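The following paragraphs lead through the packing of one protein chain. Please keep the sequence and the coordinates at hand while reading.

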Amino acid sequence: MRRSTWVCANKVSAKKSLVILTIAALCAAFAVLAAQAQAPAAAPPQNGPKLTDQQFKNIKILKGIPADQLIPAMQFMTASLGVECEFCHVRGERGLVFEKDDKKPKQAARKMIEMMNAINKDNFDGRREVTCYSCHRGAAHPVGTPLVAEEGAKSEPLTGNEKKPDVSTRPTADQVFDKYLAAAGGAAALEKITSRVEKGSLSGFGDTTFPIEIYAKAPDERVSIMHLKGGDSTTAFDGHAGWMSAPGRPPHIMNADENSGARIDADFHLPADVKTLSQDWKPAPGETIDGHPANLIVGRTDDRPTLRLYFDAQSGLLIRLIRYDETPLGRLPIQIDYSDYRDADGIKVPYRWSLARPGNRFTIQVDELHQNVPVDDAKFTAPPPPPPTASH
């Protein structure tokens with residue numbers, strides 16, 4: 001058992017039974033958003049971002065963090081417990097009423113977050129080793145009893161003489177990156193391509209499929225437009241900052257962590273630029289992905305989550321990328337799988353990729369691709385925010 005899980009379980013066992021039953025509230029969706037502060041907020045720091053207790057009402061626990069980090073924290077909670085917003089929040093006539101504390105799970109959430117913070121402070125020098133997921137593992141209530149063995153399962157005792165993998169046979173990070181660049185067509189061929197327009201379909205939300213268009217320009221501008229029945233859903237990066245919009249909602253300007261991921265997605269010459277994505281790269285034990293042995297290269301940068309890149313051992317092409325969004329409560333993984341590589345004007349381009357997050361997954365299949373065609377820069381520019389509503 002992981003030490004983090006052991007500490008969490010033993011700390012919890014010392015609580016009253018009611019707390020054990022309501023520990024699920026620790027990670028319930030938007031549990032703290034509904035806990036928004038009644039006390040007068042302090043003046044925001046000059047030229048600094050708004051904090052949670054300055055933008056929202058009744059914040060009790062997650063005070064003093066950037067306001068744009070509150071929603072990612074709630075997303076981490078929902079993913080850790082496998083619940084939705086109504087697990088903690090009351091639904092009113094016009095939707096969820098986040099400021100109310102009517103539900104007991106939400107009332108207990110503050111205590112549980114304090115407990116988690118105390119575990120990390122007392123046992124791990126304040127490092128975030130224990131999170132919601134350490135105990136919940138995708139369930140609203142932690143499982144306190146070990147599972148029985150399944151039929152056919154074998155457990156071999158460790159002897160201490162197990163053979164360690166031969167790391168000398170692994171290719172170096174530079175060797176893997178060089179093979180990737182060559183497999184993609186080479187630097188010279190990549191530099192000849194300066195724009196790309198793709199049209200295809202997006203699937204993964206039930207049985208529904210939506211048309212999608214993707215426009216990209218070198219070095220790092222990209223916009224994807226999904227055509228929904230009620231209007232377009234857009235995700236864009238203009239080379240400096242990203243934004244998202246959905247029908248009937250004002251545009252969302254990405255925070256720093258979201259921008260970091262969007263910048264990777266928008267890198268037009270990724271095979272040539274891959275070495276620059278992290279400060280330090282190390283090979284790690286690979287695995288088999290869709291029947292293809294893969295070389296894993298792990299990138300680490302100070303104060304940033306790791307980046308994991310998987311390359312087909314035979315072709316050399318990138319087949320999986322895993323990055324992480326940092327939140328105040330834990331890291332959210334984002335996995336992108338690339339496949340169906342085809343020749344396009346002298347380079348290899350994936351015609352299919354799947355993006356998976358905790359709780360959802362979708363796949364884009366390209367049907368039509370054109371390169372070195374005009375793309376208007378205005379496509380990457382965020383729309384202006386809606387005018388303020390007049391008060392009466």
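**Cores, a helix and a glycine**

Leu318 is in contact (heavy atoms within 4.5 Å) with Tyr180, Leu270, Leu309, Tyr310, Phe311, Tyr338 and Tyr341, its neighbours within four places in sequence being left aside. The model is predicted, so local features need pLDDT of at least 70 and side-chain atom pairs count only at pLDDT 80 or more, while totals for chains, interfaces and linings use all residues. Residues are numbered from 1 along each chain as its sequence is written, and side-chain values use heavy atoms, with hydrogens and water left out.

Leu318 also belongs to the largest nonpolar core, which has 39 residues; Leu318, Phe177, Leu309 and Phe311 touch the most other members. Such a core is a set of buried Ala, Val, Leu, Ile, Met, Phe, Trp, Tyr and Cys residues joined through side-chain atoms within 4.5 Å; buried means under 20% relative accessible area, computed with a 1.4 Å probe on protein chains only. Among the elements giving two or more residues to this core are H7, H8, E13 and E14. A second, separate core of 23 residues includes Ile59, Ala73, Met74 and Leu329.

Helices (H or I, at least four residues) and strands (E, at least two) are DSSP runs, numbered from the N terminus. In helix H9 (residues 256–266), the buried residues are Asp257, Glu258, Asn259, Gly261, Ala262, Ile264 and Ala266. Their cover includes strands E13 (307–312) and E14 (318–326).

Gly186 lies in the loop between helix H7 (173–184) and helix H8 (187–191). With a relative accessible area of 16%, Gly186 is buried. Its C-alpha atom is separated by 7.9 Å from that of Ala272, 86 residues apart along the chain.

Terms used:
Buried means under 20% relative accessible area, exposed over 50%, partly exposed in between (1.4 Å probe, protein chains only).
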